[in-house]
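Hello,

Here is the structure I promised to pass on. Please have a look at it first, and then read my notes below.

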Amino acid sequence: MAEWLPTLITQTPEQGFELAIKMSRMAVKATQPDAAVRDRLRGVYAEDADALIAVSQVAAQWFATIAAANDYWRSVS
């Protein structure tokens, strides 16, 4: 896999959240590298409230990690 994550440091919380979403997506891609399978499954979980909540939980965990790495955006500048 190509290097795509040089740092967890972001300038703003919004950028941190965007990075958390990207990290979540990259984790799915690493877990299921077959794009056709991911595309086929997308329709299944798109209609599943529990799956969507689980995705939000994963993104929240990544965001917490990024926030800590950013010292909670330099202790709320």
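**Around N70**

Leaving out residues up to four places away in sequence, N70 touches L8, I9 and T10, where contact means heavy atoms within 4.5 Å. Before going further, a word on the source: this is a predicted model, in which local features need pLDDT of at least 70 and side-chain atom pairs count only at pLDDT 80 or more, while totals for chains, interfaces and linings use all residues. Residues are numbered from 1 along each chain as its sequence is written, and side-chain values use heavy atoms, with hydrogens and water left out.

N70 sits in the loop between helix 3 and helix 4 (71–76); helices (H or I, at least four residues) and strands (E, at least two) are DSSP runs, numbered from the N terminus. Is N70 buried or exposed? With a relative accessible area of 1%, N70 is buried. Here buried means under 20% relative accessible area, exposed means over 50%, and partly exposed is in between (1.4 Å probe, protein chains only).

I9 counts as partly exposed, at 44% relative accessibility. From C-alpha to C-alpha, I9 and A59 are 16 Å apart in space, and they are 50 residues apart in sequence.

**A20 in helix 1**

A20 belongs to helix 1 and is buried, at 0% relative accessibility. Apart from neighbours within four places in sequence, A20 is in contact with A59, W62, F63 and I66. A20 and A60 are 40 residues apart along the chain, and their C-alpha atoms are separated by 7.5 Å.

**The salt bridge**

There is one salt bridge in the structure, meaning a side-chain nitrogen of Lys or Arg within 4 Å of a carboxyl oxygen of Asp or Glu. D39 forms this bridge with R42, and their closest N and O atoms are 3.0 Å apart. Both residues lie in helix 2 (residues 35–45), three residues apart, about one turn of the helix. D39 is partly exposed, with a relative accessible area of 48%, and R42 is partly exposed too, at 39%.

**The largest pocket**

The largest pocket holds about 500 Å³ of space. Of its 16 lining residues, S24, R25, V28, Y45 and V55 are the closest to its centre. On a 1 Å grid over the protein atoms alone, a pocket is an open set of points where a 1.4 Å probe fits, with protein on both sides within 12 Å along at least five of seven lines, and lining residues have an atom within 4 Å of a point. Grid points are joined across faces, edges and corners, and the volume is the space filled by probe spheres set on the points.

Helix 1 (13–31), helix 2 and helix 3 (49–69) each supply at least two residues of the lining, and helix 1 gives the most, with six.

**The chain overall**

The protein chain has four helices and zero strands, in the pattern α-α-α-α along the sequence. Its C-alpha atoms fill a box of roughly 45 × 30 × 15 Å, taken along the principal axes. Of the 77 residues in the chain, 18% are buried.

Best wishes
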